[in-house]
Amino acid sequence: MEYMSKMSSINVQEIHLYEDEIVEYDIIKKIISTRHQEDAFYIFDLGVIIKKHQDWIKKMPRVVPYYAIKCNTHPMVIKILAAMNANFDCASKQEIQGVMQLNISPDRIIFAHPTKSPSHIKFAKSVGVEKMTADGKCELYKIKKLFPEAKIVIRFRCDGNSTVARWVKLGTKFGCEPGDEAKELIQLTKDLGLILYGFSFHVGSPCVDLNAYVRGIDICKELITYAKSIQCNDIKLIDIGGGFPGESEFQIDEISHMINDAIKDIDPTIEIISEPGRYYVTSAFTLASVVHSKKTVSVGNSLKHMYYVSCGVYSGFIEELLKLNSRHPIPLFNPVSDKKYYSTLWGPTCDSYDCIVKDILMPELQIGDWLVWNNMGAYAASRSCEFNGFLPPTVHPFIRKSQWQDFCTIMNCDVND
């Protein structure tokens with residue numbers, strides 16, 4: 001009965017069902033052929049989300065996932081995860097509202113923003129979202145005044161080492177120092193009569209330094225020991241944050257072994273949660289964009305092609321704008337010739353910063369050719385805007401029939417509901 005109520009928010013009419021044998025590129029071709037399609041669009045494979053969640057609970061059964069809403073806010077992502085008993089990490093009043101509109105109870109939400117606007121704290125109180133993070137004295141005083149019944153989760157800094165040169169460490173913005181400063185906050189929480197509920201950290205996203213999770217868990221253990229030494233004995237939560245990669249080639253096995261080993265001696269009455277975002281959605285979304293204009297210029301004795309496509313840095317490729325990523329497209333249809341030219345891909349706006357990728361070798365394209373980008377589910381759609389009047393790409397959710405049947409069987413509902 002509980003599963004049935006969860007499934008009621010999922011309208012099968014919103015999902016395209018395909019035969020098991022179909023591949024993503026054929027789905028894209030089908031969408032293009034059945035309409036006058038000029039705008040960029042995503043295809044969203046619900047089966048990826050389902051499998052990722054099943055892998056998580058199988059390989060890290062003690063770590064409860066709280067999906068990070070900010071990573072991808074598409075309602076179907078939230079609906080599918082809610083139906084499978086995932087919980088949610090929200091960072092604002094608006095995100096909390098969006099989740100609760102889907103009949104998700106407040107105890108399944110953590111307000112995981114360390115510096116919250118007063119009105120957002122008041123809203124959390126009004127709807128019963130009690131778990132919230134804090135990383136400084138001012139935040140604790142603010143919560144004491146506005147929501148003294150809140151369950152405080154003290155967040156400390158624990159940065160992973162990144163291979164991306166320009167990636168700003170998350171700890172430069174959030175998280176107290178894990179030594180004396182954390183202990184001062186523990187003491188202040190007690191002195192203010194607030195509920196010290198647990199500890200959290202976030203290693204940054206994406207994280208390539210998997211040992212950072214182990215370091216953070218060890219610090220949590222030390223802080224729990226200190227809290228108990230001053231009679232704060234009701235710690236109920238450890239939050240190991242997010243940052244888990246989600247590309248199609250990523251396997252969770254290595255990190256799950258490390259985390260499971262690190263948490264095996266933690267008191268079983270303490271709940272361990274995480275805030276995966278990229279992990280769930282990165283490989284679930286594939287972007288298709290059309291070449292609508294073209295220019296060829298001479299550079300010395302060679303030719304260089306410049307292509308203008310229907311999706312740019314303001315509608316999916318913000319990480320390219322920030323020099324944090326450099327994704328290369330795959331032509332949907334076979335090019336006329338295998339000969340390659342230096343090529344630059346521009347987005348559709350009038351902004352000269354709207355450059356997706358510069359001076360890469362590609363076969364020559366023509367106006368009307370379609371390009372495909374994989375692993376586009378994380379922080380692409382959720383960071384899009386309507387600059388210059390260009391709308392963000394639409395999303396086409398789909399699932400293969402056997403996956404949908406298996407999902408409905410697990411959820412104990414009718415496949416045709």
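**Figure 1. Asn103 sits in a loop of this predicted model.** The loop runs between helix α5 (93–100) and strand β5 (109–111). Asn103 has a positive phi of about 65°. Yet Asn103 is not a glycine. The residue counts as exposed, at 71% relative accessibility.

**Figure 2. Lys323 also has a positive phi.** The value is near 60°, in a residue other than glycine. Lys323 lies in the loop between α12 and β13 (330–331). Is Lys323 buried or exposed? Lys323 is exposed, with a relative accessible area of 57%.

**Figure 3. Asn334 and Cys355 are shown together for their separation.** Asn334 is found in the loop between β13 and β14 (340–346). At 75% relative accessibility, Asn334 counts as exposed. How far apart are Asn334 and Cys355 in space? From C-alpha to C-alpha, the distance is 24 Å. In sequence, the two residues are 21 residues apart.

**Figure 4. Asp89 is a buried residue in a strand.** The strand is β4, which covers residues 87–90. The relative accessible area of Asp89 is 3%. Buried means under 20%, so Asp89 falls in that class. Which residues does Asp89 touch, not counting residues up to four places away in sequence? Tyr66, Tyr67, Ala68, Ile69 and Lys70 are among them. Asp89 also touches Glu95, Ile110, Ala112 and Glu275.

**Figure 5. Lys51 and Asp55 form a salt bridge.** The closest N and O atoms are 2.9 Å apart. Both residues belong to helix α3 (residues 46–59). Lys51 and Asp55 are four residues apart, so about one helical turn separates them. Lys51 counts as partly exposed, at 48% relative accessibility. Asp55 is buried, with a relative accessible area of 16%.

**Figure 6. Glu130 forms a salt bridge with Lys151.** Here the closest N and O atoms lie 3.3 Å apart. Glu130 is in the loop between α6 (118–127) and β6 (131–134), and Lys151 is in strand β7 (residues 151–155), so the pair ties together parts that are 21 residues apart in sequence. Glu130 is partly exposed, with a relative accessible area of 32%. Lys151 counts as partly exposed at 25% relative accessibility.

**Figure 7. Glu319 and Arg278 form a salt bridge between two helices.** The closest N and O atoms are 3.2 Å apart. Where do the two partners lie? Glu319 lies in helix α12 (residues 318–321) and Arg278 in helix α11 (residues 278–281). The pair therefore ties together parts that are 41 residues apart in sequence. Glu319 counts as buried, at 5% relative accessibility. Arg278 is buried, with a relative accessible area of 9%.

**Figure 8. Glu24, Asp45 and Arg400 are linked in a network of salt bridges.** The view shows these three residues. How many salt bridges does the structure hold? The structure holds 20 salt bridges. The close-ups of Lys51 with Asp55, Glu130 with Lys151 and Glu319 with Arg278 show other salt-bridge pairs. On charge overall, the protein has 46 positive and 50 negative side chains. The centres of the two sets lie 4 Å apart.

**Figure 9. The whole protein gives the setting for the close-ups.** There are 13 helices and 17 strands. The radius of gyration is 23 Å, close to the 22 Å that the globule rule gives for 417 residues, so the protein is as compact as a globular protein of that length. The C-alpha atoms fill a box of roughly 75 × 55 × 40 Å, taken along the principal axes. Of the 417 residues, 53% count as buried. What share of contacts between residues at least 6 apart in sequence joins residues at least 24 apart? The share is 72%. The accessible surface comes to about 19000 Å². Carbon and sulfur atoms account for 51% of that surface.

Conventions. Residues numbered from 1 in each chain as written. Predicted model: local features only at pLDDT ≥ 70, side-chain atom pairs only at ≥ 80, totals over all residues. Heavy atoms only, no water. Rg over C-alpha atoms; globule rule 2.2 N^0.38 Å. Buried < 20%, exposed > 50% of the residue type's maximum accessible area, 1.4 Å probe, protein only. Contact = heavy atoms within 4.5 Å. Areas by Shrake-Rupley, 256 points an atom, 1.4 Å probe, with all protein chains shown as cover. Lys, Arg positive; Asp, Glu negative; His and termini not counted. Charge placed at Lys NZ, Arg CZ, Asp CG, Glu CD. Salt bridge = Lys/Arg side-chain N within 4 Å of Asp/Glu carboxyl O.
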